Every structure is written in C-alpha cells, then in structure tokens.
Amino acid sequence: MSKSKQQTYSTIVSTNPYKGDWYVGTFNTISKTTSPSFSKEQYAVSFLNTKGFIYTLVGISKNIPDEDIYDALETKVYEDLALDMAIEYHIKHIEAPQRGSESERFFHTFVVDPLTLEQEFAGVVGEIKYVDQIVPVPLLLKSLYVKDLIETSDIHCFIYFQENDAFFCIYNEQQFVYAKSLKYSLKQMHERFCELLGEQIDLMQFERMLVEEGLNASHPEYQKNLIKLFGEIFLHVSDVMTYAKRAYDIQKFDQIFIGTGAGSVSGLDEYAQTYLGIRTSPFDFNYGFNTGGSRVDQIHQLMHLYGRMDADERYECNFTIFHRPPPFTQRDSGKMILVTAASLTAALLYPGVYWGLSYVEEFRHAFLSKEYEQVHIEKMTREATINLKMANRNAAETLLNEQKTAYQQKQDTLVQVHDKKVNYPMKAKIMADFTRSFNQYRVQLKNASYTEDQNGTQKVFTFGLVSPSTQNITALLKHLTDAKRDKYDFELKLISFNEEEKSYLGELKAVIK
C-alpha cells in the first residue's frame, strides 16, 4: 500500500481468524471491537499462522529471467514438496539475497492450500466482506526493524506462543531467514500441564496463572509441573535451533525475544536464557499506540504497524483472495447497467435515430458492394501479375544456380592446377640436391622412392643409404638437419651392418614441409 493509497483509508482493522477477535486503529489509537462492519474507508489486515502455510527455501539458476521466476519456482515447489498437481496452491515468494551464490538465486517460498484460506477466513469475510492483506505471521516482524523498535542487525530469534499455534522465527541483518511452527501452542501447553498435574483445570485459569504468577506459581504442584512443562518446550526449541544452525550456516544466535498471546509471563525470559544459554528478552515492544490501558496482543499491534508501512518497506507477500470490490463504474455489472441505462435513454429520446441509421446502413452497403467489385477485379489482376513474376523469378534462380555450379567446378580445377604448379615438388632437382650431399659425405645411394598421401598434404622421399662407416651416415644426417630443416623433416630410425658387403645400411626419410 503506497503512501498515496494509505491516505485514502481512515481506519485499519486487524483480525485474528483463529481466535475471532478484532481491533480497530485510527491514527495512533487501537481499540478492541466486537462488532466489525464493512466500510470502504477501512483497510483490513489479517495473518496466517505457521500451521496455515508451508515454508521452504528454493534455489533457481541466475540465468532464469525475472519474468519467468514465478513459473520456475512453482514447478520446483510442486516437485520438491510433492504437492498434489490437481490442486492450484497459492504460492508467494521473497528473495533471500544472503543465500545467493554465483550460479543460483534463493527465494523464501510460502505455499497455502486454497481450502485453508476459504475455511479459516469464512467468518472474517462474513463480517467485513473483504480482507486487503493476509500475511504469513513471521513476515510481520519486519516492521520491528523498519520502525526501529529493534535497531541492531544481529541474528535474532523470535518465539511466540499463541492460543492455536506457536512459531519460531529467525531474522539476520534485519532480513527474514527461517520460520517453523512449534508443537506447543497455549492449548497444547494447557493439555500437557493437565496431564502432568493429573487433574483438569480450565484453559482461562491456566492462562491467567501464567500471566499473574509466571513460572513461580504459588501452588507447589503447579510450579513443579510448570517447570517440567517448559523444560520439554525448550528441549523442543533447542532441537529446532540446532537444525536451523546447521541448515542456514549460523554460528550463533545473538538474542531471543519470547512471549505469549496471553500476556507477559514472569520469569519466562530468564528461564529461556538459562536453558538455552542465549541472551533473552520479552517479546513485548512499545509500538507507540494508545491502547487506553488495555492489553493488546502483540500480533494485532504488528498487523497495525505493518498496515501503516509503505510497500517498499515491507515484504509483499499477500495471500488474500477476498479483494474489495472495484468502484461501481469499473465492475462488469456496473458497466452493463450504465450501458443499458444509456441505451434506454437514447431509445426513448431519439426513436427516429434507429430508422435513420437503417437507411444509412443500406446506402453504405450498396456503396461498399460496388466498391468491392472493383477491388476484387484489381485483386485478381495483381495476383496474376505476381504469379507471373514469381515464375520468372524461379526460372532465373534455376539458371543462376546452374551458372554457380559451373563456375565452382572451373574454380576448383584452376585451384588444383595452381597447386600442382606452385606446390608440386620438382623431384629431379630435389634428387640432384640430395645426391650432392651424399657424395660430399661418401655415402652411396642404394635406392630412392617418393610417396604422397591422397590429399597431397604429406610428401615423402625415402633414400636407401650405404656407407663403410656409421660416422659418414650420422655426419650426413647432421648436415642435412642443419642445412635443410626449414624445408624438410628428417627421420633415420636404424643403421644396420651388412656382413657380406662389410658396409652399413640405413633408410633416410625426408618429409617436405
């Protein structure tokens, strides 16, 4: 909600759909109401508890363009969470820049079953007809940092016990990191406490005992079982924190904020700090609202704070399907009524217009029919001309292709002739040149051959050498290598001795470069 849009609403109404309570805020005042009503001038805010959505962290390639991110996330969420493909889940996401890598972008993704929204908010919509904003409860905590109620950028944990749910949430550098539903809501606490106590007490009595006496209950049995109950709770919390550290590469938590929807529980933060070994403070902030001395649930105050924030300051993750109706002139029904009214008015005021229009249309039809005949003749003439031009073009292209083929053949022949003329080795000249070197080093030529491969890329002279001394052959090879290395690659693998002729034999290969 932009600033300009905020100014159009005189009040903000917040609702807890799980408990059924309502609070109305005007400027900096919040008060409870039991009879909310529909109003165009009010902005309605609600939340989803952590049991109402599925949270997961999803990574996708950075190569995916922004316009395709939602489709990529939706596909991966359905696969990773094995969701029923027959159900069209509501999926929202916010980017997690702290988790990004060179190849991937990560997104906090929230998934909600459409049936959950319809069932949980049926009573709300029955009262006020629409809900402008439905936010996952962990994202409401962003307002604590935006409004500087928490000024540090440490790693903070938030634990809040509501009547029907309890959530654990992590923020790092004032950005959302992780959220999980805890298994100990106030109702579950009450049930477990009664089980430990061995007798049944009322839920209201249990909550009143927590708020009024804290963990130091005056009844010894109550206090003993409360300590045991919260020992089980913080054992569960410790397991969740251990998992979060490992999964999100967290070295340590700097501070925990803990509270309950029933009110402040004396000694709860000290007990949590002792058990978990982390600095702990009450989840109880001064939001600056005038409550008239009445206690207002922290979640309701967070919703009012969130509703007053600009769109660029908060996480845009709105799950509402109960949108306010558009202005009358923008509704389909409104447009139809306006058009109908205008038509009836015109029909009543100007009945003769319709007769005049019919004559005009008949004249127009006759004129267009005559014009069509002329255009049709021109069309057929132009189509015949185009077909003739296309036939001439195809014939010209065929002739051109034949000429290109003949030209290419002649070009290939000339290239081959040029290659033979320029690159073909003069064997007699080469043999004479090598023979002079053989004579110079007293090496006789027994035989000689010339070979080249099919492509003509490798051309080789092979010489059978005879000498009374190996030194003559090696000296010849050294001379040839030094003098002709820029023209030939030489290879002499073996020098053998012929007993009958008392001479040394060798086979010298000269590869033309």
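Two strands count as paired here if DSSP finds at least two bridges between them. Helices (H or I, at least four residues) and strands (E, at least two) are DSSP runs, numbered from the N terminus. The model is predicted, so local features need pLDDT of at least 70 and side-chain atom pairs count only at pLDDT 80 or more, while totals for chains, interfaces and linings use all residues. Residues are numbered from 1 along each chain as its sequence is written, and side-chain values use heavy atoms, with hydrogens and water left out.

View 1. To find your place, look for tyrosine 160, which stands opposite phenylalanine 167 in E10.

**View 2. An open sheet of five strands.** Now step back to see the order E11-E10-E9-E12-E13, a sheet with mixed pairing. At its edges are strand E11 (175-182) and strand E13 (280-282), each pairing on one side only. Neighbouring strands are turned by 20° against each other on average, direction ignored; axes are lines fitted to C-alpha atoms, for helices over the stretch in contact, and angles run from 0 to 180 degrees between N-to-C directions. Strands of a sheet pair through backbone hydrogen bonds, either parallel or antiparallel. Here, E9 pairs with E12 in the parallel sense over six bridges, and E12 (residues 255-260) pairs with E13, again in the parallel sense, over three bridges. Isoleucine 256 is a handy landmark: this residue of E12 is the bridge partner of cysteine 157 and also stands opposite threonine 280 in E13.

**View 3. Helix H8 against the sheet.** Helix H8 (residues 220-247) packs on the sheet and touches strand E9 (155-161), strand E10 (166-172), E11 and E12. The direction of H8 makes about 140° with that of E11. In the loop between H8 and E12 you will find lysine 252. Leaving aside neighbours within four places in sequence, lysine 252 is in contact (heavy atoms within 4.5 Å) with Ile155 and Lys245.

**View 4. Both faces of E9.** Is this strand buried or exposed? Seven of the seven residues of E9 are buried, meaning under 20% relative accessible area, whereas exposed is over 50% and partly exposed lies in between (1.4 Å probe, protein chains only). Ile155, Cys157, Ile159 and Phe161 point one way, and His156, Phe158 and Tyr160 point the other way.

**View 5. Two nonpolar cores.** A nonpolar core is a set of buried Ala, Val, Leu, Ile, Met, Phe, Trp, Tyr and Cys residues joined through side-chain atoms within 4.5 Å. The largest has 103 residues, and Phe158, Ile170, Phe176 and Phe230 have the most contacts inside it. H8 gives the largest share of this core, ten residues. Another core lies apart from it, with 14 residues, among them Phe438, Leu465, Leu476 and Leu508.

**View 6. The largest pocket.** A pocket is an open set of points on a 1 Å grid over the protein atoms alone, where a 1.4 Å probe fits, with protein on both sides within 12 Å along at least five of seven lines; lining residues have an atom within 4 Å of a point. The largest pocket is lined by 21 residues, of which Lys19, Glu207, Gly261, Ala262 and Arg295 lie nearest its centre. Strand E2 (21-26) and helix H7 (203-213) each supply at least two lining residues, and H7 gives the largest share, four residues.
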